[in-house]
Amino acid sequence: MSRKSRILVLDPHAEAIAAAVRERISPKETVIIAVRPEMVRDDEPAAICLGRPDMIVAAARRLPNLSWGQSTWAGVRPLLPLMAERPELSVSAAKGIFGDAIAEYVVGWLLALDRGVLDYRAQQVRGDWRPLPERSAVNRTAVVLGTGSIGARVAERLTQFGMAVRGVSREGAQVPAFVRCWPVAERLMATRSADLVVNTLPETPQTRGLADAELFAALADDARFINVGRGSVVDEAALLAGIARGRPGAAVLDVFEEEPLPAEHPYWSTPGIYVTPHIAARTDAKKIGQLFTDNLARHQRGASLVGAVDPVRGY
């Protein structure tokens, strides 16, 4: 890029991300940091923006030359209307950098629930010395909704603990990390009698409400449900009703339709539901910096971008 090239960074972690980018690019490039969209000057000439999707959208009217937006999120839903408005805009999602962290989150919660970690802590507070029933992951069945890079990494980790892992995706294409994959239309075949379901799907019109009453009813008694994808995939009423019936027996939720989760939401107080504040995979500035600079090299030579978003599919 020329000496006057500008890269705009828009993210709550902009300083750290920009520093990671600077470590990997020629000193001729200039990184402009704007932590808040309102700090972007009118008619900012930058054609490239690395940032959180909603912050890119908020600054877009001040970016008339924007040609490529690299998301710091795996999801890009806020950018889809902007892509429709500006057909020339390329968008890439942060793919391939969150899988390990999310897999650790899933395995950690599964083991905590199956081995009674939370219950033993409660007993300790009461001075209660009493062994509790436990169960092993070995020879149990898991289903991962979404077979992309995150879903495949989750499947690999669960397989290491002895689980047979099935996959569900848009078209049901077979992926090596899974014993078998089904298309979304046949999701109930995949989830029948499953002991664990993990959602990693993005938010699209096709995925909204996919985890519904039928899916929960198909599970094994006292199954686990973990959502690290998008809150809109879950039919909230169906999940609450399912928890009351023991299918699933427990649900771990890291993502929600409205964030922060409203104080009056029943998830907070429903036994068997565990809430975390969208922390399954935190921002890793160095990983994002590496992904972006690798994509920058691709962008410069006109090659396809890693994580390129199809505006029709929405991911």
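In this predicted model, strands β3 (residues 48-51) and β4 (residues 68-71) run parallel and are joined by 4 bridges. One of the residue pairs can be picked out by eye: Ile48 has Trp68 of β4 as its bridge partner.

Zooming out, β3 and β4 belong to an open sheet of 5 strands, arranged in the order β2-β1-β3-β4-β5 with parallel pairing. At the edges lie β2 (30-33) and β5 (90-92), each of which pairs on one side only. On average, neighbouring strands of this sheet are turned by 20° against each other, with direction ignored.

Helices come next. Helix α1 (residues 14-22) packs on the sheet, where it touches β1 (6-10), β2 and β3. The direction of α1 makes about 175° with that of β2. Helix α10 (residues 285-300) lies across β1, β3, β4 and β5, and α10 runs at about 155° to β4.

A further strand to find in the structure is β6 (residues 141-145), which includes Thr141. Is Thr141 buried or exposed? Thr141 counts as buried because its relative accessibility is 16%, and the cut-off for buried is under 20%. What surrounds this residue can be seen from its contacts: with neighbours within four places in sequence left aside, Thr141 is in contact with Met163, Ala164 and Arg166, and also with Ala194, Asp195 and Leu196.

Terms used: Residues are numbered from 1 along each chain as its sequence is written. This is a predicted model: local features need pLDDT of at least 70, side-chain atom pairs count only at pLDDT 80 or more; totals for chains, interfaces and linings use all residues. Side-chain values use heavy atoms; hydrogens and water are left out. Helices (H or I, at least four residues) and strands (E, at least two) are DSSP runs, numbered from the N terminus. Buried means under 20% relative accessible area, exposed over 50%, partly exposed in between (1.4 Å probe, protein chains only). Contact means heavy atoms within 4.5 Å. Two strands pair if DSSP finds at least two bridges between them. Axes are lines fitted to C-alpha atoms, for helices over the stretch in contact, and angles run from 0 to 180 degrees between N-to-C directions.
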